[in-house]
Amino acid sequence: MSDTYEWQNNSEAMFEALVKRSPLPMRPMIKKSLSKAIDGMRGDSTQVTEEMVEKAVHESTPKPFVAQALKALDGLRTVS
């Protein structure tokens, strides 16, 4: 994960919730894949939005696990 992220609204809490809900041995890989997806979306910007985190789930999570991963975000979204 880049140290240059400027987390918007609750995006950092959403990111961390996704990593925390992952099995311990998978956390480094999950964090890396989410970060890579976010980096691809943000381009030259340093801002990370809640929408980007949610899109990163769809891009980096195997389809059978997307719904389960999105449950980690329940109650954390502040932007609709």
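**Legends to the predicted model**

**View 1. Overall fold.** The protein has four helices and two strands, where helices (H or I, at least four residues) and strands (E, at least two) are DSSP runs numbered from the N terminus. Their order along the sequence is β-α-α-β-α-α. This is a predicted model, in which local features need pLDDT of at least 70, side-chain atom pairs count only at pLDDT 80 or more, and totals for chains, interfaces and linings use all residues. Residues are numbered from 1 along each chain as its sequence is written, and side-chain values use heavy atoms, with hydrogens and water left out. The C-alpha trace spans about 30 × 25 × 20 Å along its principal axes.

View 2. Of the 80 residues, 32% are buried, meaning under 20% relative accessible area with a 1.4 Å probe, protein chains only. Among contacts (heavy atoms within 4.5 Å) with a separation of 6 or more, 58% join residues 24 or more positions apart.

**View 3. Aromatic cluster.** Ring pairs link Tyr5, Trp7 and Phe15. Rings of Phe, Tyr and Trp (its six-membered ring) pair if their centres lie within 6.5 Å; planes under 30 degrees apart count as stacked, over 60 as edge-to-face and the rest as tilted. The count by this rule is two aromatic pairs. Tyr5 and Trp7 form an edge-to-face pair, because their ring centres are 5.1 Å apart and their planes lie at 85°. The pair of Trp7 and Phe15 is tilted, with 5.4 Å centre to centre and 50° between the planes.

View 4. Tyr5 is buried, with a relative accessible area of 8%. Phe15 is also buried, at 0%.

Key. Buried means under 20% relative accessible area, exposed over 50%, partly exposed in between (1.4 Å probe, protein chains only).
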